[in-house]
Amino acid sequence: MHLLSVEHITKSYGEKTLFEDVTFGVEEGDKIGIIGVNGTGKSTFLKVIAGLEPPDSGSIAIGSRVTVRMLAQDPAFAPGETALEHVLGGDSPQLRAVREYAAALEALELKPGDAALQERLVAANQRMDELNAWQLESEAKTALSRLGIADYDARVETMSGGQRKRVAMAAALLQPSDILILDEPTNHIDNESVAWLEGMLQKRRGALLMITHDRYFLDRVSNRVIELDRGRAYFYEANYSRFLELKLEREEREAASEAKRQNLLRNELAWIRRGAKARTTKQKARIERFEALQKQAPKAAGGKLDISVASARLGRKIVELEGVSKSYAGRTLIRDFSYIAVPEDRVGIVGRNGSGKSTLMKLIAGRLEPDEGKVELGPTVKLGWFSQEHEEMDESLRVIEYIREEAEQVKTGDGVSVSAAQMLERFLFPPAMQWSLISKLSGGEKRRLQLLRVLMSAPNVLLLDEPTNDLDIATLTVLEDYLDEFPGVVFVVSHDRYFLDRTVDKIVAFEGDGVITLHTGNYTDYQAYAEKQAKEAAIAQPSAAGSAKTASAAGSKEAGAETETRSDGREKRLKMSYKDQKDYEQIDGWIADAEAKLAAVAAAMEAAGSDSAKLQELVREQQELEEKLEQLLDRWTELNELAERIAAQK
């Protein structure tokens, strides 16, 4: 089904053309990723499509019954609005029915015997039945919980920027729309929430347009890519990994075409320089051809970000944490944590939002003191702190003034001295832009400027707190390359799974109640370990009652089917172990039991109504049961395949 048509739209900002003559259509089921370097107009592009900004020229045609909903980077909220009120604040008939029922119930509680209010409540109840709207409030609370918002009645205006973004996202996901537009949806949410959101959007039936720097997310969710590059839009029927292949092919074709044009230009230039003795028609045609070839020159290539900054020498003692504990508002975030950094350490710090990741970074940076234990830095350590927010930036300064506050000159990795203005050019801030006020920059440009200032201090220990927020993919790629060559130590808090896989070789995981564990490997290695632990725990749980008997009968033999080699070289027949046989006999019952418990939890969630504490507990129980059921189903498949192989031997 065709939902939307974009016809020849153009948009400029001052003298800069953001995009020009862009035409495309959106069909039901399209999941379109918008990519491009910061400052190319990606957010403006989405706002124009959503009708929030007019194009300079061109038009947007939307079907008469098509609903478009956009989650902006800075969503707006009504004064005094709570998280749940915002999520249920849409204009669909179901949401209006939910609000009317809640209002009628509240009014009747104030005047219990009022006949008119009783009639109002009965009518609201019937309307809820007609629209099948009873599940909406539970779904709203579930979405908020999955996105890390536990207090549904908290006023949005008291929340942090990241929390407000998550409330707005829950509303965008719950409120029905044919086209959902998301601007950096994975910013400010933790890895578990990103994975949940990924699954939600994969299952979504309507169309989706989104800007994201999360390359795993983009690869798994999108089926089309629009790249904005120097005012032009390029279209790819592909996810992110296939887009990279197609873009490479396009650039190779363009390079070949430009080489051919340059060759023709050289031939024409040689003829022009020889001089024409008479202005014949043929000679005029040659001159016109030369001028036409000159005009065909492609737009200047987008600048390439260059990060090459020297770092200070690092001694043997770097960062040492011994028995560190830290609590906040009566809640233990870090409990008895010790770690000694070694040269060229690359440490990723992961965990749920609010678990204490940024607190650990602040302890390392000396911006917080531990309640117990100690944090010591070596005498040669020079910290570079790249924070989540822009609170340390004086936005009344001009771009070059902000950098000159750190250094007028800096030495690059190859020992060359470079001025602040030259470094700004390497970071894609051309001379005209260097005198702009920081307040005029896009969010991504501010982040890139902050990164430059951190690196110009020549640090040898980098603390990167959510470095991927608001940075474009091109900048992230170059930062990853820089970290490959960085001779110092890096601690990074990030929800970006790709960035962690690319840059770290150790994971510090916050696992709740102040417990922190250390794992060797990147994020995917840690995730595989965590999933394996959860699977083993789920499988062990239903068979715990008979575990002693199983252990006695099986001896020290590990669970699983095995083949043994006889003395004559032939293999013995495949068989089930004792544990496999017992699991095979009981697995159907365990699955039925898990499904029944899930159904009971779903019913309890519906009945919980406005009991937020109870609903929060049920959401956690539902997650655990879903994981357990999935693991049981995997085990069922494994055992049945084994039984089939054994039967085939007979």
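Phe 45 is buried, its relative accessible area being 0%; buried here denotes under 20% relative accessible area, exposed over 50%, and partly exposed the range in between (1.4 Å probe, protein chains only). Phe 19 is likewise buried, with a relative accessible area of 0%. The model is predicted: local features require pLDDT of at least 70 and side-chain atom pairs count only at pLDDT 80 or more, while totals for chains, interfaces and linings use all residues. Residues are numbered from 1 along each chain as its sequence is written, and side-chain values use heavy atoms, with hydrogens and water left out.

**Aromatic pairs**

Rings of Phe, Tyr and Trp (its six-membered ring) pair if their centres lie within 6.5 Å, and planes under 30 degrees apart count as stacked, over 60 as edge-to-face and the rest as tilted. Two of the pairs are set out below.

| Pair | Centre distance | Plane angle | Geometry |
|---|---|---|---|
| Phe 19 and Phe 45 | 5.1 Å | 80 degrees | edge-to-face |
| Tyr 236 and Phe 243 | 4.9 Å | 80 degrees | edge-to-face |

Because Phe 19 lies in strand 2 (residues 16-27) and Phe 45 in helix 1 (residues 42-50), their pair ties together parts that are 26 residues apart in sequence. Helices (H or I, at least four residues) and strands (E, at least two) are DSSP runs, numbered from the N terminus. Phe 19 and Phe 45 also belong to one aromatic cluster with Phe 24 and Phe 235. Tyr 236 and Phe 243 are both buried.

**Packing of helices 3 and 4**

The axes of helix 3 (residues 93-110) and helix 4 (residues 115-131) come within 9 Å and cross at roughly 155 degrees. Axes are lines fitted to C-alpha atoms, for helices over the stretch in contact, with angles running from 0 to 180 degrees between N-to-C directions. The two helices are therefore roughly antiparallel to each other, a term applied to angles over 145 degrees. Contact (heavy atoms within 4.5 Å) involves, among others, Ala 97, Tyr 101 and Leu 108 of helix 3 and Leu 117, Leu 121 and Met 128 of helix 4. The contact residues divide into 14 nonpolar, three polar and three charged; Ala, Val, Leu, Ile, Met, Phe, Trp, Tyr, Cys and Pro count as nonpolar, Asp, Glu, Lys and Arg as charged, and the others, Gly among them, as polar.

**Positive phi values**

Most residues other than glycine have a negative phi. Arg 230 has a positive phi near 55 degrees and is located in the loop between strand 8 (224-229) and strand 9 (232-236). With 31% relative accessibility, Arg 230 counts as partly exposed. Ala 458 also has a positive phi near 55 degrees, in the loop between helix 15 (443-456) and strand 17 (461-465).

Methods
Parallel < 35°, antiparallel > 145°, perpendicular 65-115°, else oblique.
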